[in-house]
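Biologist: Please show me the chain and its model. I would like to go through the fold with you, one question at a time.

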Amino acid sequence: MSVIKPEDLGVPFTDATKDEGRSLVQDGDVQLMEGSGDGAWEAQVRFFRRYHHVWLERDSNGAVTHECSCPHLENEGSGCAHLWALLLTVDREEREAAFGDAGPPPIVPVYLIERHRKQLKIGLWWSGDDDSPKLRRLPADGDHLSRVTSGADVQVLKALEPVGGGRRNLLDGGGFMEPDGPWPLLAEERSAVLRAAGATGRLGLAPEGGDPTPLSLDAGDAFELVLGFAPDPAAPQLKLAGWIVRGDERHDLVDCDAIATDRDPVVVVDGRICSVAALYRRKMTLEFVVSCQRIPNCLTGWHGIFHAI
Ligand SMILES: [Zn+2]
């Protein structure tokens with residue numbers, strides 16, 4: 001919700017300059033002049049024993065002009081730390097004006113697993129500043145992510161950073177490089193993200209329509225996948241059936257919702273996210289198991305791995 005974005009200024013800023021500008025703000029060296037606001041801001045920025053005067057203005061067409069009394073722009077061809085410091089200060093002022101001194105309220109995200117064909121994706125959702133009962137997507141930009149403050153949620157964001165393309169520098173907005181979720185959760189990234197999101201108690205399965213289904217993480221070891229033949233009560237023949245099994249616990253695959261079918265299969269059963277050991281990793285995926293119509297074609301080649309019962 002920044003009124004002026006860095007790219008509006010039309011000059012590049014080096015990382016070193018941005019760091020310097022941030023230090024000036026943190027050290028209290030930026031003093032906004034009276035009358036600043038409403039499209040025009042002026043500040044004096046302490047620089048050793050003197051001050052630099054810097055101003056920024058946005059006209060009604062949105063064009064931004066700026067000037068600083070220091071020679072940096074002229075000498076270096078890039079924006080100076082004073083201008084960057086003013087930009088940060090304006091941004092903070094505008095936020096406070098919009099939300100009061102306390103700043104905007106914290107955001108409590110909901111983490112929803114979304115299925116896109118074969119890929120398992122996860123998205124950030126929230127109820128918005130109007131606290132709407134209907135969840136909407138939470139943009140992973142700096143303005144929103146900076147309002148996610150609880151420790152458990154920050155852990156999820158950290159785990160999500162790699163899938164979101166990494167995090168921008170705070171001065172560049174601080175959001176994910178790829179802020180438009182949902183993001184695919186590949187096998188290697190999956191468990192860390194799911195574990196962190198599960199710990200918040202706000203992990204769910206995105207709805208086809210209606211409300212999301214809450215999910216918890218199964219705490220035990222991975223289940224084993226077992227295939228076998230079972231009598232078919234409807235006909236005098238055997239049918240192929242599958243289960244996930246762990247000790248005495250056994251669930252028919254028909255009751256399992258396979259949400260990831262790659263080399264780290266994940267199924268949802270009774271609202272729990274369960275890992276399934278990829279016993280037949282080279283050839284078999286759960287997708288095969290749950291796609292019954294494909295089973296007969298595959299049987300011939302794979303008969304060696306079934307546990308007949
Ligand atoms: Zn300057």
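Modeller: What follows is a set of questions and answers on this chain.

Modeller: This is a predicted model, in which local features need pLDDT of at least 70, side-chain atom pairs count only at pLDDT 80 or more, and totals for chains, interfaces and linings use all residues. Residues are numbered from 1 along each chain as its sequence is written.

Biologist: How many helices and strands does the protein chain have?

Modeller: Helices (H or I, at least four residues) and strands (E, at least two) are DSSP runs, numbered from the N terminus. By that count, the secondary structure of the protein chain is 8 helices and 17 strands.

Biologist: What share of the residues of the protein chain counts as buried?

Modeller: A residue is buried if 20 or more other C-beta atoms lie within 10 Å of its own, exposed if 12 or fewer, and partly exposed in between, with C-beta atoms placed from the backbone. Among the 309 residues of the protein chain, the buried share is 29%.

Biologist: Which residues of α1 are buried, and where do they lie on the helix?

Modeller: Helix α1 covers residues 15-26 and reaches 16 Å from its first C-alpha to its last, close to the 16 Å expected at 1.5 Å a residue (1.5 Å times one less than the number of residues). Its buried residues are Thr-17, Lys-18, Gly-21 and Leu-24. Seen down the axis of α1, these fall within an arc of 120° (taken from the directions from the helix axis to the C-beta atoms), so they line one face of the helix. Asp-15, Ala-16, Ser-23 and Gln-26 are exposed on the other side, and the buried set is Thr-17, Lys-18, Gly-21 and Leu-24.

Biologist: Which residues does Ala-81 touch, leaving out those up to four places away in sequence?

Modeller: Ala-81 is in helix α3 (residues 81-99) and counts as buried, because 27 C-beta neighbours lie inside 10 Å. Ala-81 and Arg-22 are 59 residues apart in sequence but 8.0 Å apart in space, C-alpha to C-alpha. Two residues are in contact if their C-beta atoms, placed from the backbone, lie within 7 Å. On that basis Ala-81 touches Thr-17, Glu-20, Gly-21 and Leu-24.

Biologist: Which strands stand at the edges of the open sheet of 4 strands?

Modeller: The order is β11-β17-β16-β15, with mixed pairing; two strands pair if DSSP finds at least two bridges between them. β11 (residues 216-217) and β17 (residues 272-275) run parallel, joined by 2 bridges, while 4 bridges join β16 (residues 266-269) to β17 in antiparallel fashion. Each edge strand has a single partner strand, so one side of each is left without a neighbour in the sheet; the edges are β11 and β15.

Biologist: What is the phi of Asp-270, and is the residue buried or exposed?

Modeller: Asp-270 is in the turn of the hairpin formed by β16 and β17, which has 2 residues between the strands. The residue is exposed, with 10 other C-beta atoms within 10 Å. Most residues other than glycine have a negative phi. For Asp-270, phi is positive, near 50°.
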